[in-house]
Amino acid sequence: MISIDNDKCTRCGKCQRVCPAFIPVVEKEGSVALRHPEVCIGCGHCVDVCPTGAFLNDKFPEDSIHPIHRELLPSPESLMELIRSRRSNRTITSNPIPKESLEMIIEAARYAPTAQNSRQVHLHLITDKNLLHNVEAENLRFFMRLSRIMLFPPIKAICKPFLGKLYDEVPALMAMNEQFKLGQHPSICNATALLVFSAPKGYSFGPQDCNLAYQNASLMAESLGVSQVYMGFVQTAMYMMGGKRASQILGMPKGHKPFAIMGLGMPAFKYTKYTDR
Ligand SMILES: Cc1cc2nc3c(=O)[nH]c(=O)nc-3n(C[C@H](O)[C@H](O)[C@H](O)COP(=O)(O)O)c2cc1C
């Protein structure tokens with residue numbers, strides 16, 4: 001429910017200017033009318049801009065509203081340095097990722113924008129060794145099966161001219177499978193945690209919302225000194241596998257699809273340089 005405390009409201013009109021659903025309207029008589037409050041998308045802009053706390057939205061109780069500490073914000077130079085220095089550092093060790101770091105990475109993901117503030121991105125963290133092993137095994141099984149089909153001579157003859165790029169990946173997949181047999185988890189870069197970004201199958205902005213959340217999380221990981229690598233292979237395999245099986249492997253809610261997966265871990269060393277792009 002939305003309401004205005006008329007004793008506190010100064011009719012400054014800020015709520016009217018920011019509301020994406022055009023709900024508050026400052027009327028000529030000097031009051032603020034609320035038109036179709038039922039279409040509120042719960043973005044919280046109204047309570048965040050109200051200078052006197054007159055705008056009340058029961059989606060945001062008082063203890064959920066915080067002042068912005070501008071002195072804590074990074075300078076443009078420091079933010080640019082973070083962006084430039086972020087790399088997919090694949091030197092992941094078995095050292096554990098601090099719990100607080102994982103919590104901050106997840107919180108950063110939650111603050112990303114979502115279409116119509118629908119916040120349908122589900123984040124699932126996998127840290128259990130057996131479950132990580134299972135993701136690696138299922139991923140490689142999927143791609144080895146696909147490679148065998150692709151390399152079947154009649155299929156290769158027809159497909160290779162069109163799918164050359166895909167065929168270029170086959171030697172790397174074979175090498176990964178060999179490393180897996182030696183006890184490594186190459187396709188997940190030996191990650192000690194996987195963060196799965198999923199959204200309902202029928203939600204059309206799933207890819208956008210998940211990958212915006214990914215990028216927030218990846219910059220937070222970089223600033224915490226935690227390695228992150230985009231798990232494109234795993235995401236593709238699990239997306240194509242779909243259904244109950246992929247949901248079980250990745251711990252996603254029923255009916256969800258994975259639109260991004262982040263491999264996380266503590267690096268053996270940090271990069272000291274970045275190259276131009
Ligand atoms: C959609 C996508 C899929 C990716 N898939 C993988 C992957 O499966 N394995 C991997 O090691 N890196 C993967 N990466 C990481 C890219 O290789 C990496 O971002 C790129 O080489 C640039 O390097 P940087 O991230 O260090 O700047 C992927 C990146 C993106 C955006």
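Good morning. Helices (H or I, at least four residues) and strands (E, at least two) are DSSP runs, numbered from the N terminus. The structure before you is a predicted model: local features need pLDDT of at least 70, side-chain atom pairs count only at pLDDT 80 or more, and totals for chains, interfaces and linings use all residues. Residues are numbered from 1 along each chain as its sequence is written.

I begin with the domains. An automatic or database domain assignment divides the chain into domain 1 (2-64) and domain 2 (88-277). The C-alpha centres of domain 1 and domain 2 are 41 Å apart.

I turn next to helix 5, residues 129-151, and its packing on helix 8, residues 170-181. Their axes, lines fitted to C-alpha atoms over the stretch in contact, with angles running from 0 to 180 degrees between N-to-C directions, lie 10 Å apart at an angle of about 140°. That angle makes helix 5 oblique to helix 8; under 35 degrees counts as roughly parallel, over 145 as roughly antiparallel, 65 to 115 as roughly perpendicular and the rest as oblique. On the helix 5 side, the contact (C-beta atoms, placed from the backbone, within 7 Å) is made by Glu-136, Leu-140, Phe-143, Met-144, Ser-147 and Met-150. Helix 8 contributes Val-170, Leu-173, Met-176, Asn-177 and Phe-180. By class, this contact has 8 nonpolar, 2 polar and 1 charged residues. Here Ala, Val, Leu, Ile, Met, Phe, Trp, Tyr, Cys and Pro count as nonpolar, Asp, Glu, Lys and Arg as charged, and the others, Gly among them, as polar.

Helix 5 also packs against helix 10, at about 75° and with the axes 9 Å apart. Helix 5 is therefore roughly perpendicular to helix 10. Val-135, Asn-139, Phe-142 and Phe-143 of helix 5 meet Phe-233, Val-234, Ala-237 and Met-241 of helix 10. This contact comprises 7 nonpolar residues, 1 polar and no charged ones.

Finally, which residues surround the ligand? They are Arg-87, Ser-88, Arg-90, Cys-189, Val-229, Tyr-230, Met-231, Gly-232 and Phe-233, each with its C-beta atom, placed from the backbone, within 6 Å of the ligand. Strand 7 (227-230) and helix 10 (232-241) each give two or more residues to this shell. The shell divides into 5 nonpolar, 2 polar and 2 charged residues.

How values were computed. Contact = placed C-beta atoms within 7 Å.
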